[in-house]
Amino acid sequence: MAAPMLRWVGRGRRWTFARVDGGSCHRRGAPTGSTSNRIREQSSVAQQPLYTTQKPRKGEHKWAAVVGLEIHAQISSNSKLFSGSQVRFSAPPNSLVSFFDASLPGTLPVLNRRCVEAAVMTGLALNCHINKKSLFDRKHYFYADLPAGYQITQQRLPIAVNGSLTYGVCAGKKQSQVIPKTVRIKQIQLEQDSGKSLHDDLRSQTLIDLNRAGVGLLEVVLEPDLSCGEEAAAAVRELQLILQALGTSQANMAEGQLRVDANISVHHPGEPLGVRTEVKNLNSIRFLAKAIDYEIQRQIDELENGGEILNETRSFHHQLGYTMSMRDKEGKQDYRFMPEPNLPPLVLYDATSLPAGADPQQVINIDQIRETLPELPSVTRERLVQQYGMLLEHSFTLLNEVGLLEFFQNVIKETRAEPKKVTSWVLNTFLGYLKQQNLAVSESPVTPSALAELLDLLDSRAISSAAAKQVFEELWKREGKTPGQIVSEKQLELMEDRGALEQLCHSVMEAHPQVVMDLKEGNPRAINKLIGLVRKATQSRADPAMIKEILEKLSS
Amino acid sequence: MRTMLGRTLREVSAALKQGQITPTELCQKCLSLIKKTKFLNAYITVSEEVALKQAEESEKRYKNGQSLGDLDGIPVAVKDNFSTSGIETTCASNMLKGYIPPYNATVVQKLLDQGALLMGKTNLDEFAMGSGSTDGVFGPVKNPWSYSKQYREKRKQNPHSKNEDSDWLITGGSSGGSAAAVSAFTCYAALGSDTGGSTRNPAAHCGLVGFKPSYGLVSRHGLIPLVNSMDVPGILTRCVDDAAIVLGALAGPDPKDSTTVHDPINKPFMLPSLADVSKLCIGIPKEYLVPELSSEVQSLWSKAADLFESEGAKVLEVSLPHTSYSIVCYHVLCTSEVASNMARFDGLQYGHRCDIDVSTEAMYAATRREGFNDVVRGRILSGNFFLLKENYENYFVKAQKVRRLIANDFVNAFNSGVDVLLTPTTLSEAVPYLEFIKEDNRTRSAQDDIFTQAVNMAGLPAVSIPVALSNQGLPIGLQFIGRAFCDQQLLTVAKWFEKQVQFPVIQLQELMDDCSAVLENEKLASVSLKQ
């Protein structure tokens with residue numbers, strides 16, 4: 001079987017650069033698509049970034065981009081949405097396929113309770129209205145990895161509607177300020193995932209793996225309230241954190257548990273929306289931002305050059321950094337939606353509508369699910385700010401790095417050090433080391449307990465902060481030593497013996513008569529130089545304040 | 001005493017229990033008769049080995065006194081659109097030739113769990129789309145009554161009768177193979193499917209009881225769908241009690257079919273013998289009196305109403321005002337679901353696949369062209385048209401609204417105090433094949449389903465009961481329609497009626513020389529509704 005034809009659209013020309021109005025959002029660095037984003041300082045959520053062209057025409061052409069996202073999150077469940085097959089990533093091909101998944105004639109869908117609960121939970125977490133009655137529909141199209149020839153989804157009446165997602169974008173000169181923004185959620189629908197097609201171009205064959213066919217998905221449809229790649233990226237990241245906090249999806253983009261399609265158009269503010277394109281294949285948050293910014297700029301350039309935007313599906317080529325037309329469809333696809341006749345309406349209950357004596361196994365109670373909602377990321381951040389006095393952006397960083405919050409909390413639990421000190425060490429030193437070596441928190445050589453012990457030593461003034469850095473570096477070598485052992489082996493304890501320190505100061509002064517001379521002549525930098533020399537001699541173990549005092553006394 | 005093959009299921013079950021015959025003997029007799037009646041084309045697949053093995057096991061159970069019940073050791077047949085594990089299931093289509101399902105339909109499994117012997121898979125119209133059992137890839141099914149003494153004698157009297165062999169009659173359909181199999185004594189009960197009358201229509205033409213249960217009472221899991229929202233497994237037997245026994249084995253919720261109902265069902269379906277019908281109210285829908293109705297059927301229908309009235313029942317004329325929209329409404333809903341249900345047949349996972357491999361799309365197109373007959377392709381085409389975005393509101397949604405009106409007609413009739421409705425099942429008795437094929441499948445289906453289809457729209461239980469022989473010596477059936485999930489009440493009324501009319505048993509001795517004993521004690525029963 002031949003692979004479906006892909007139309008490769010080469011980049012026929014170089015894209016012109018766009019100057020971004022008012023010091024902000026999108027700037028195309030190079031035609032290869034490397035984009036540097038800087039969010040401008042925005043005070044209002046509704047304000048859209050505007051784009052101008054390089055050669056402004058009469059009245060200066062400004063462009064606004066409109067971005068809407070459709071996000072597919074694979075539900076974290078033991079079995080598929082309508083069948084008993086297991087859900088597992090990277091199992092041998094076609095090893096998790098029930099008769100229903102393979103669309104054997106006569107098989108019927110049976111709704112998985114866990115998937116419904118996950119949808120309700122997600123809907124509640126995203127401030128949605130949960131429909132007490134929702135319906136399933138068939139969406140028809142022929143594709144080799146869609147065995148039934150249709151996907152069961154919720155087109156007419158989805159399980160949750162009208163929600164909102166609040167996320168933060170970084171702003172300010174150092175990207176250190178977080179501005180909260182909100183995107184409306186149109187709906188959340190339950191639907192089936194498709195299988196996977198593996199195209200063997202060499203033999204012109206397509207191999208089908210149905211392991212994924214029928215896995216439950218939550219399709220989260222965002223209203224087109226976003227206006228650039230960074231906003232989209234931040235919104236998706238927030239959604240990802242929420243799903244992970246809820247446990248409704250692992251939401252790992254690399255494993256395809258979270259997939260994002262972006263609908264993008266540009267228009268002049270005040271004029272009707274432009275023709276939109278849909279960009280698919282966005283399998284990381286970074287590429288999502290890149291692809292959206294690229295596509296916005298492509299559309300502006302196309303229109304500026306008298307071209308037109310086609311309503312088409314485009315794919316993002318992440319190595320080359322551009323989008324290209326994906327399928328050359330003649331006209332629009334008509335999905336011929338139809339009610340799924342084999343599934344009765346999905347009816348949910350709340351405390352007021354729950355029929356008396358209902359079997360809890362047979363009904364789903366929205367209120368009961370609401371009670372089990374865990375703490376959501378926004379609340380966690382607020383708590384961190386309140387409880388530990390950290391800045392909001394620090395709380396964002398703690399949540400954004402996988403495992404970092406847990407690491408932080410474990411350190412806090414075990415140390416006497418001030419939370420601010422812990423925050424600083426975790427976000428600066430610890431995270432800095434991780435980033436430098438491109439490691440995940442889980443791969444860190446330093447355990448929370450080790451860091452806690454180190455911070456205790458620092459807190460009790462047993463070591464100086466310079467010595468603490470040294471201990472941390474030793475800990476990073478994975479030699480299995482505790483901070484206490486390192487300190488005593490390397491003799492990094494703070495020098496408490498005043499006599500010894502006086503002796504040391506004396507020798508340093510004797511060895512550097514010129515500096516002492518300078519000092520006596522009133523050169524203010526000379527004392528610092530001497531302090532530095534003494535500290536070096538103590539291997540940073542002495543308190544600089546005490547050194548200064550002794551030096552001043554000796555030289556007077 | 002009649003020989004075993006001519007008995008009803010209940011009678012032969014008693015014989016098995018009493019040891020008058022063993023399951024293996026019974027199975028062998030049926031297999032031998034299946035071979036003799038091969039020309040009827042009732043079976044697509046005869047599962048001889050499976051049946052004999054099941055008979056052997058059944059025999060052991062009887063010997064050990066561990067019989068599984070009334071169905072243990074009873075030969076049954078199953079329409080070839082029910083999935084049977086390890087046995088080819090074709091839907092009489094090239095598309096599924098060679099397809100061997102890896103699982104049993106729930107109803108098949110339940111029959112097997114009760115010890116029934118699966119004799120084989122019966123013929124039908126391709127994917128059950130038809131009303132004659134003439135449009136399957138394995139050829140048409142012949143009505144056993146074509147070869148009955150009753151029909152032949154009448155024909156001898158007719159100087160115009162043509163060449164006998166080419167003048168055989170259709171069974172009706174689409175479950176014609178199941179009807180022929182039961183009618184020709186090759187089994188005691190058969191499963192059909194009923195979407196617009198596909199069980200009741202051939203039952204009427206073959207002189208059998210054809211029962212369509214309430215939608216949701218019997219699992220559809222494993223039934224290869226025609227119209228999911230209307231399909232139900234149907235039951236074909238020689239008498240009402242037999243249908244009730246089979247229903248008892250099949251009814252009940254199925255975790256694999258979310259449209260089955262969980263309300264407790266009165267099981268098993270033991271039918272009381274009604275002593276009198278004076279408390280009953282029988283409704284006669286006036287819209288069912290159509291000009292195309294043959295005078296013989298019309299006359300039997302009114303005699304049946306008279307019978308109830310004379311026995312003390314209240315007989316009322318009722319109105320089902322939206323009946324005339326049923327056919328066109330069904331056309332839209334049926335083809336739309338067909339278009340959807342048939343989308344899975346793409347040649348990739350199972351079934352027929354063409355040789356063309358230039359592209360996936362070309363492969364799909366050729367596979368489906370080669371796999372489906374014109375009737376199926378025509379319905380797919382219309383269905384897809386109705387489901388197009390621009391047409392959906394005007395066709396599908398409107399048809400659904402009409403469906404609701406049709407269903408409400410029945411609700412209103414029952415709310416007016418009617419217990420069961422009495423209607424014809426078919427316009428006339430079975431017609432010869434050569435006559436039947438003068439009209440195309442669509443015209444025939446539209447004509448033949450008019451009394452049966454509305455019931456499927458409303459999900460109600462209905463049963464066709466053989467009433468009497470026509471002037472030509474062919475069976476005529478009448479239909480009873482009950483309230484949703486009042487299947488037992490419906491069958492109880494049908495049983496009383498069956499007893500009154502004493503429909504004659506088919507006489508096939510000329511056809512099956514050494515089975516002449518089948519009916520030896522059976523005289524042409526007095527037909528109380530004789531014309």
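Start at B:Pro140, in the loop between strand 3 (117-122) and helix 5 of chain B. Helices (H or I, at least four residues) and strands (E, at least two) are DSSP runs, numbered from the N terminus. This is a predicted model, where local features need pLDDT of at least 70, side-chain atom pairs count only at pLDDT 80 or more, and totals for chains, interfaces and linings use all residues. Residues are numbered from 1 along each chain as its sequence is written, chains are lettered from A and ligands numbered from 1 in written order, and side-chain values use heavy atoms, without hydrogens and water.

Stay on B:Pro140 and show its surroundings. Not counting residues up to four places away in sequence, B:Pro140 touches B:Leu40, B:Asn41, B:Ser133, B:Thr134, B:Trp168 and B:Tyr433; contact means heavy atoms within 4.5 Å.

**The annotated site**

Centre on B:Lys79, in strand 2 (residues 75-79) of chain B. B:Lys79 is buried, at 0% relative accessible area. Buried means under 20%, exposed over 50%, partly exposed in between (1.4 Å probe, protein chains only). Beyond its neighbours within four places in sequence, the contacts of B:Lys79 include B:Lys121, B:Thr122, B:Leu191 and B:Ser198.

Which side chain makes a polar contact with the side chain of B:Lys79? That of B:Ser174, at 2.8 Å. A polar contact is a pair of N or O atoms within 3.5 Å; within protein, one must be able to donate a hydrogen and the other to accept it, and residues adjacent in sequence count only if both atoms are side-chain atoms.

Move to B:Ser174, in the loop between helix 5 (149-156) and helix 6 (176-183) of chain B. B:Ser174 is also buried, at 0% relative accessibility. Leaving aside neighbours within four places in sequence, B:Ser174 contacts residues including B:Asn123, B:Asp125, B:Ser131 and B:Ser198.

**Salt bridges**

The structure holds 40 salt bridges over all chains. Each is a side-chain nitrogen of Lys or Arg within 4 Å of a carboxyl oxygen of Asp or Glu.

Select B:Asp72 and B:Arg61, which meet in a salt bridge (2.7 Å, N to O). B:Asp72 lies in the loop between helix 3 (48-63) and strand 2 of chain B and B:Arg61 in helix 3, so the pair ties together parts 11 residues apart in sequence. B:Asp72 is buried at 0%, and B:Arg61 is buried at 18%.

Next take B:Asp257 and B:Arg220, joined at 3.7 Å, N to O. Both are buried.

Switch to chain A. A:Glu474 pairs with A:Lys477, the closest N and O atoms being 3.0 Å apart. A:Glu474 is buried at 14%, whereas A:Lys477 is partly exposed at 46%. Then select A:Glu295, A:Arg298, A:Glu302, A:Glu312 and A:Arg314, which are linked in a network of salt bridges.

**The interface**

Finish where chain A meets chain B. The contact takes 31 residues from chain A and 43 residues from chain B. On chain A, strand 8 (137-140) and strand 19 (338-339) each supply at least two residues of the side that touches chain B.
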